[in-house]
Amino acid sequence: MKIQQPLRPRSAFGDWLHEAKISARYHLDGMTGYPRLLKQAERRLGYRPDHRNPKTFNEKILWRKLHDRNPLFPIVSDKVRLHDYLRDILGADRAQAILPDLLLVTDDPDSIDFATLPADYVIKSNHASGWNIFVRADDPVDEARARQECKRWLRLSYGKLKREDAYLHIPRRIMIEGWMEGPGGRPADDFKMNMIGGKLAFGMWADDRFGDFTQHYVDGDFRRLAFRTKDVALRDLPPKPRLFDEMLAVAEELGRQFDSVRVDFMFTEDRFVLNELTLYKDSGMDPFRPERYDREFGDLWHLPNLDDQIR
């Protein structure tokens with residue numbers, strides 16, 4: 001099995017102590033005007049972000065993190081409750097067609113009967129991003145280690161380090177989904193559609209994310225956009241995925257529910273599923289190269305009026 005983001009080894013007491021330290025740091029940073037968060041963002045972005053008068057795309061994500069307490073945010077950030085939300089928006093049949101195969105939901109890792117699961121599956125935390133375990137027939141589960149990792153997921157919050165508050169209000173659970181296989185037996189690729197005002201601002205194809213990884217940024221007509229955010233080797237843009245337009249139509253429908261949201265799909269040649277809705281793309285700390293795109297996409301995003309929430 002492969003743990004996507006292994007946690008630093010700690011005892012249960014160590015996790016408790018770590019959580020206490022993170023919580024104290026979280027509250028202190030909030031009481032003093034977020035100097036720790038803003039310094040971290042400045043190191044990543046190359047400029048001092050202004051969260052009170054945001055102009056760039058990254059600044060507006062930071063503004064959302066610090067000021068927008070939309071009650072919908074914890075619902076759609078919860079990978080379990082997201083299923084019900086999609087049924088409400090898309091209807092039961094349409095939602096079922098694009099939801100991952102959900103095999104199990106539990107808050108007790110000891111109750112998982114691994115013998116009843118298929119050969120290939122993914123174990124996830126519903127209240128975090130990247131806390132996943134991939135199990136394959138040729139890389140089977142280590143039951144003891146998987147249970148230990150899941151217990152630690154349930155002990156630890158997600159979101160305090162970078163103030164992604166929507167994650168803090170999610171009941172913590174473990175979920176197991178069916179495996180979705182891409183070309184050559186590798187995991188299905190990701191397509192992340194950044195929607196602003198219900199329209200695609202930019203899409204990103206995460207091509208072979210666990211192998212020869214690269215990113216392809218495109219517009220709604222599947223034309224390459226002349227920027228990048230990660231320092232990865234660039235390759236030629238592959239042909240337009242067969243289901244691109246269908247994914248885009250779903251992203252537009254969901255995108256109309258938010259001023260801005262990233263709709264994340266996994267896809268193969270003949271199927272796509274909605275993996276998650278992302279409200280804090282790279283936590284507002286992902287520099288655009290060239291930098292002008294940060295402002296261009298920021299100009300497209302009209303923030304809601306939340307003056308009464310700004311501290």
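Student: What is the relative accessible area of R87?

Tutor: It is 29%, so R87 counts as partly exposed. Buried is under 20% relative accessible area, exposed is over 50%, and partly exposed lies in between (1.4 Å probe, protein chains only). The model is predicted, so local features need pLDDT of at least 70 and side-chain atom pairs pLDDT 80 or more, while totals for chains, interfaces and linings use all residues. Numbering runs from 1 along each chain as its sequence is written, and side-chain values use heavy atoms, without hydrogens or water.

Student: Which helix is R87 in?

Tutor: Helix 5, residues 81-90. Helices (H or I, at least four residues) and strands (E, at least two) are DSSP runs numbered from the N terminus.

Student: And what is R87 in contact with, sequence neighbours aside?

Tutor: Beyond four places in sequence, R87 contacts A92, A95, Q96 and L99. Contact here is heavy atoms within 4.5 Å.

Student: Switching to R295. Where does that one lie?

Tutor: R295 is in helix 9. It is partly exposed because its relative accessibility is 40%. Outside four places in sequence, its contacts are K55 and T56. From E42 it is 253 residues away in sequence and 16 Å away in space, C-alpha to C-alpha.

Student: Which residues of helix 9 are buried?

Tutor: In helix 9, residues 292-300, the buried ones are Y293, D294, F297 and G298. They sit on the same side of the helix, because they cover an arc of only 135° around the axis. The arc is taken over the directions from the helix axis to the C-beta atoms.

Student: What covers them?

Tutor: The cover of helix 9's buried residues includes helix 3 (57-67), strand 6 (189-196) and strand 7 (199-207).

Student: Now the largest nonpolar core. Which residues touch the most other members?

Tutor: I123, M193, L274 and L277, out of 70 residues in that core. A nonpolar core is a set of buried Ala, Val, Leu, Ile, Met, Phe, Trp, Tyr and Cys residues joined through side-chain atoms within 4.5 Å.

Student: Take M193. What is it in contact with?

Tutor: Leaving out neighbours within four places, M193 contacts L200, F202, G203, F244, M247, L248, A251, V261, R262, V263 and F265.
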